[in-house]
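Visitor: Hi, could you walk me through this one? I'd like to start with the overall layout and then go into some detail.

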Amino acid sequence: MKLSPREAEGYFAKPDAGKTGLLIYGADAMRVALKRQQVIAALLGPGAEEEMRLTRMPGAELRKDPAQLVDAIKAVGFFPGPRVAFVEDCPETSHPAILAALEDWEPGDAQIVITAGQLKPTSKIRKAFEGHSNAYAVGIYDEPPSRAEIERTLGEAGIRSVPPESMAALTDLANDLGPGDFAQTIEKLALYKRGDSGELSIDDIEACAPRSTEAALDDVLNVVAEGRAGEIGPLIRRLQSQGTNAVSLCIGATRHFRTLYACASAPGGPSEGVNRLRPPVYGKRRDRVLRQAQGWGPYKLETALTVLTDTDLALRSAGQTAPAMALVERAMIRLAMLSRSR
């Protein structure tokens with residue numbers, strides 16, 4: 001039988017131990033692995049590895065030894081409790097062993113859990129699970145996690161007091177990060193909040209969110225927008241050492257100043273403008289963007305965007321001979337000085 005993504009979320013949380021098997025397939029190996037970990041943990045409970053109730057085997061080996069999967073589901077363990085025969089990263093060429101195991105399975109045997117990459121609708125493995133009356137097939141797609149998935153992840157980590165603003169920030173973070181990085185961020189948040197019974201705040205999320213080149217770029221742009229010209233040089237050197245080129249820095253600066261201009265030129269003023277930003281900004285970052293938009297005003301921001309446009313054109317000019325990063329640094333210093341002018 002085929003499970004829809006909505007049905008699959010509930011099944012992963014409470015799988016049926018009496019089913020013959022489950023196929024989880026998808027192009028993103030990390031997303032597939034996370035779902036597999038969730039469903040096996042829910043099926044077997046704690047201590048399954050130590051009690052030898054979980055048998056693992058690479059899918060590629062089934063082509064050479066197709067009988068090992070049937071042997072695994074029929075094996076009787078020393079410890080009571082449900083058992084799983086898990087086949088990892090199963091290629092289509094192993095379909096004879098999979099089909100034989102599905103056919104030979106009987107109540108009381110270990111449940112078969114298969115993971116695979118992207119399978120076509122014509123795949124024999126996929127068709128076998130989708131057409132089986134006592135087995136499920138689930139496709140995992142490269143989509144951001146739903147609110148229910150985020151809430152489940154938070155609950156498993158022991159984080160339960162999450163106000164709406166923090167949940168919105170986590171949703172944005174989940175959309176930006178890969179599933180593995182997001183799971184690690186939640187684990188880090190759980191450790192950070194250990195012993196703290198207070199609500200999860202935006203500051204907590206910012207403290208645990210991964211710092212990247214994007215964060216370093218934000219540091220430079222905030223220094224420029226706040227007129228701290230003396231700090232620009234060292235920060236640009238740091239970005240350069242991380243592999244950021246002059247054109248990327250100029251594009252990032254243009255995007256930042258367009259955001260400020262959108263806030264400053266809103267009919268209801270910067271406060272209305274910052275509330276209309278998409279994606280929305282929260283916490284300290286929201287306060288900083290609002291303060292910068294108020295300080296610059298729409299007219300100076302128009303001048304700033306003109307400076308950045310001229311710099312971008314100069315960087316892309318075939319006749320340009322000056323060092324590219326030096327051009328950008330000069331433009332940044334000019335903007336910092338402009339922010340302090342009356």
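**Domains, a pocket and a helix pair**

Guide: Happy to! The protein chain splits into domain 1 (5-140), domain 2 (147-208) and domain 3 (213-339). Keep in mind that this is a predicted model.

Visitor: What separates the centres of domain 1 and domain 3?

Guide: Taken over C-alpha atoms, those centres are 51 Å apart.

Visitor: Now pockets. How much space lies in the second largest pocket?

Guide: About 860 Å³. Its lining takes at least three residues from each of domain 1 and domain 2.

Visitor: Which residues lie nearest its centre?

Guide: Of the 34 lining residues, those are Lys35, Pro145, Glu149, Arg152 and Thr153.

Visitor: And which element gives the most to that lining?

Guide: Helix 6, with six residues. Elements that give two or more also include helix 1, helix 2 and strand 6 (135-139).

Visitor: How does the lining divide by class?

Guide: There are 18 nonpolar, seven polar and nine charged residues.

Visitor: Back to helix 1 and helix 2. At what angle do they pack?

Guide: Helix 1 (residues 5-13) and helix 2 (residues 29-44) pack at about 45 degrees, and their axes are 7 Å apart. With that angle, helix 1 is therefore oblique to helix 2.

Visitor: Which residues make the contact?

Guide: Helix 1 brings Glu9, Phe12 and Ala13, while helix 2 brings Lys35, Gln38, Val39 and Ala42. By class, the contact has four nonpolar, one polar and two charged residues.

Technical notes: Residues are numbered from 1 along each chain as its sequence is written. This is a predicted model: local features need pLDDT of at least 70, side-chain atom pairs count only at pLDDT 80 or more; totals for chains, interfaces and linings use all residues. Side-chain values use heavy atoms; hydrogens and water are left out. Axes are lines fitted to C-alpha atoms, for helices over the stretch in contact, and angles run from 0 to 180 degrees between N-to-C directions. Helices (H or I, at least four residues) and strands (E, at least two) are DSSP runs, numbered from the N terminus. Angles under 35 degrees count as roughly parallel, over 145 as roughly antiparallel, 65 to 115 as roughly perpendicular and the rest as oblique. Contact means heavy atoms within 4.5 Å. Ala, Val, Leu, Ile, Met, Phe, Trp, Tyr, Cys and Pro count as nonpolar, Asp, Glu, Lys and Arg as charged, and the others, Gly among them, as polar. Domain bounds come from an automatic or database domain assignment. On a 1 Å grid over the protein atoms alone, a cavity is a set of points where a 1.4 Å probe fits but cannot get out, and a pocket is an open set with protein on both sides within 12 Å along at least five of seven lines; lining residues have an atom within 4 Å of a point. Grid points are joined across faces, edges and corners, and a volume is the space filled by probe spheres set on the points.
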